[in-house]
Amino acid sequence: MPSFKLTYFNGRGRGENARLMFAAAGVPYEDNRIEFKDWPQMKASTPLGSMPILEVDGKQKLVESKAINRYMAREFGFYGKDNMESTRIDIVTEIIDDMWSKLVEANFEKDEAKKEELFTKIFTETAPKKLEFLEQFLGENDGGKSYFVGTSITLADIDFIHVMSYYLHPGKNDNGLDKYPKLKALLQRASANEKIAAWIAERPVTPF
């Protein structure tokens, strides 16, 4: 098994899917967390001036979060059994990642009135259409009683866990999955995975 070093901010963000996969696979790695105050001085030394960065065996430096996630999913068996399953996983992650981008935009908006407007649009317009599709999509696999694809956790489920931690915004959208019982049950089922649950319980508490 290769050795791994993940470099990302001290937050969940674009690095958390990788951390969740390390946890689910039971694979040790170096979790190199960068504080925001230290980022400007090290930015120029990174391949693209961005993070996350995944170092493999101290040689390969992988960049771009989606590429890293798919590399790890293939490496650890979270990317389906064939091309069709992998493609269905990609469909889910692309939809979820679009939701996440909108949530990040709203979260970092400094104007409070604009922030509230952005969140309202997500909760009432953007997300419902995507969640309705995903509810139906999940139902196509064993009636929605298993996972998004196949019979075990994949990158699709891990990405869903991650983004729902933002979408189910405390005090704003706690009940955001109530209209989607299959998705709500999936979130509970996937989050209850012993290794994933342990990581969520022990990971550093961060504002994002």
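Residues are numbered from 1 along each chain as its sequence is written, and side-chain values use heavy atoms, with hydrogens and water left out. Because the model is predicted, local features need pLDDT of at least 70 and side-chain atom pairs count only at pLDDT 80 or more, while totals for chains, interfaces and linings use all residues.

Thr7 is buried, as its relative accessible area is 5% (buried means under 20%, exposed over 50%, partly exposed in between, with a 1.4 Å probe and protein chains only). Its side chain makes a polar contact of 3.1 Å with that of Asn32; such a contact is a pair of N or O atoms within 3.5 Å, where within protein one must be able to donate a hydrogen and the other to accept it, and residues adjacent in sequence count only if both atoms are side-chain atoms. Leaving aside neighbours within four places in sequence, the residues in contact with Thr7 (heavy atoms within 4.5 Å) include Met51 and Pro52. These two, Met51 and Pro52, are joined by a cis peptide bond with omega about 10°.

Strands E3 (residues 53-56) and E4 (residues 60-63) run antiparallel and are joined by four bridges; two strands pair if DSSP finds at least two bridges between them. Val56 has Gln60 in E4 as its bridge partner. Three residues lie between the strands, and there Asp57 takes a positive phi near 60°, although Asp57 is not a glycine. Asp57 is partly exposed, with a relative accessible area of 43%.

How far apart are the end C-alpha atoms of helix H5 (residues 112-139)? They are 38 Å apart, which agrees with the 40 Å that its 28 residues should span at 1.5 Å a residue (the expected span is 1.5 Å times one less than the number of residues). H5 has a kink of about 50° at Ala127, shortly before Pro128; the bend is the angle between axes fitted to the seven residues ending at a residue and the seven starting there.

Finally, the largest nonpolar core has 62 residues, of which Phe148, Phe160, Tyr167 and Leu183 touch the most other members. Such a core is a set of buried Ala, Val, Leu, Ile, Met, Phe, Trp, Tyr and Cys residues joined through side-chain atoms within 4.5 Å.

Note on methods. Helices (H or I, at least four residues) and strands (E, at least two) are DSSP runs, numbered from the N terminus.
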